[in-house]
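Here's a quick walk through a few spots worth a look when you have the structure open. Grab a viewer and follow along.

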Amino acid sequence: MNGHFSLLLIDDEDGIRKVLGLTLADAGWNVSPAASAEEALGLFRQHDFPIVLTDIKMPGMDGLELLKVLKEIKPETEVVLMTGHGDLDLAIQGIKLDAADFVTKPIHDDALDIALARAKERWTMRRAIREHTDHLQDLVEQKTRELLAAERLATIGQTVAGLSHSIKNMASGLEGSLFLLRQGLDSDHRDYLEQGWEMLEANVRKLKNLSLDMLRFARVEELHPSPTDPALPARQVVELFQAKAAERGVELRLETHDKLPLVDLDAEAVHRCLMDLVSNALDACSSAGFSREAPGGSVLVQVEISSERISYRVKDNGCGIDENTLPRLFNAFFSTKGTNGSGLGLVAVKKTVQAHGGKIDVQSSQGKGSEFTITIPIKYENNNA
């Protein structure tokens, strides 16, 4: 029975609303009807509705817009969409917006029962996860308070909390991709399978990148310098990213002298640093709206050398960084990319640069681009000193 489960029913057609209301009440749901999305929002803010069943096409605010607002107010709310047979694309959009399921009109009782049962199962699972997470969070907070006296242990606690947050975001993404895959398998729907697979691949990449960044962050930086052309790491990185830059409509250029003296340098470590900086610069250009259709993005990698130091400069004309964010750029687990970033890339870059005895500086202005500069003291190879 569903007697303790309240359900908010929204449909602008009075007849459908009444028939569905009676059907759901007979099935044990505590139903509250609404004739519009606006009326539903008023009820939603006043009462706790774990499950919402809404039509997609309605005058004024439609079902997809309502879904977005409901998820903003209370993300754990499960929403089932009602749509016509010809509106499958809208239903798929709803699934992407984290709807629990959808049913097509005319609505069959069995299909509705299955969809609502899935929504109820998801809501129950989310609540259990939230309660477990809250309990774990309470334990973490308690232990963290006990460890505040020891600075090193406090730092470890912060690192674990940041890592837990990153993993939690990825777990949510994996949950969503698995749900789409299950929907595709159950309904033999290729669109679901393809979308679920794309989401799964993206989240696996995020998890892999987080693991690699964690390894770089945690390990003691052991450099292996050898006589190296200092422009070589930059040249290799620019070559690697040329295709990606072209795909995004971004001009990627390298500026350096044709022949530089060999210096003692860990070329592989510098290569990793420049990979992070150039990748971030390309993302910044994408965030600024540059694309193949709307070109204008540019990333410049410069290599300069003097008698005392070598400088690697990565400049872009992308979205830039606001002045409040700049001081936090090199904090562990802080990312300007939201759930797409691990928050460890720049920390690892700084660690590698400092291991070389160097420093990294950043200048940026929101909407005008950024400039990251790595400066490393030079040790010339004997034959070139």
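Rings of Phe, Tyr and Trp (for Trp, its six-membered ring) pair if their centres lie within 6.5 Å; planes under 30 degrees apart count as stacked, over 60 as edge-to-face and the rest as tilted. By this rule, the count comes to two aromatic pairs. Keep in mind that this is a predicted model.

**The aromatic cluster**

In one of the pairs, the ring centres of phenylalanine 5 and tryptophan 29 sit 6.0 Å apart with their planes at 80°, so this pair is edge-to-face. What does the pair tie together? Phenylalanine 5 lies in the segment before strand S1 (6–10) and tryptophan 29 in the loop between helix H1 (14–26) and strand S2 (30–34), so the pair links parts that are 24 residues apart in sequence.

Phenylalanine 5 also pairs with tryptophan 123, again edge-to-face, at 5.2 Å centre to centre and 80° between the planes. Here the partner belongs to helix H5 (residues 109–147), so phenylalanine 5, in the segment before S1, is tied to a part that is 118 residues apart in sequence. Put together, Phe5, Trp29 and Trp123 form one aromatic cluster.

| Residue | Relative accessible area | Class |
|---|---|---|
| Phenylalanine 5 | 4% | buried |
| Tryptophan 29 | 7% | buried |
| Tryptophan 123 | 13% | buried |

Helix H8 (residues 232–247) has 16 residues, so at 1.5 Å a residue it should span 22 Å; its end C-alpha atoms are 24 Å apart, which agrees. H8 does bend, by about 45° at phenylalanine 241.

Just after H9, glycine 289 takes a positive phi of about 95°.

**Cysteines without a bond**

How many disulfides does the structure hold? The count is zero. Take cysteine 285: the closest cysteine sulfur is in cysteine 319, 8.2 Å from its own, too far for a bond. A disulfide would need the two sulfur atoms within 2.5 Å. Looking from cysteine 319, the closest cysteine sulfur is in cysteine 285, at that 8.2 Å.

**Threonine 373**

One last stop is threonine 373, in strand S12 (residues 369–377). Threonine 373 has a relative accessible area of 11%, so this residue counts as buried. Its side chain is joined to that of arginine 313 by a polar contact of 3.3 Å. Leaving aside neighbours within four places in sequence, threonine 373 is in contact with Ser311, Tyr312, Arg313, Lys359, Ile360 and Asp361.

Terms used
Residues numbered from 1 in each chain as written. Predicted model: local features only at pLDDT ≥ 70, side-chain atom pairs only at ≥ 80, totals over all residues. Heavy atoms only, no water. Helix = DSSP H or I, 4+ residues; strand = E, 2+ residues; numbered from the N terminus. Buried < 20%, exposed > 50% of the residue type's maximum accessible area, 1.4 Å probe, protein only. Polar contact = N/O pair within 3.5 Å; in protein donor to acceptor, adjacent residues only side chain to side chain. Contact = heavy atoms within 4.5 Å. Expected span 1.5 Å × (residues − 1). Bend = angle between axes of the 7 residues up to and from the residue.
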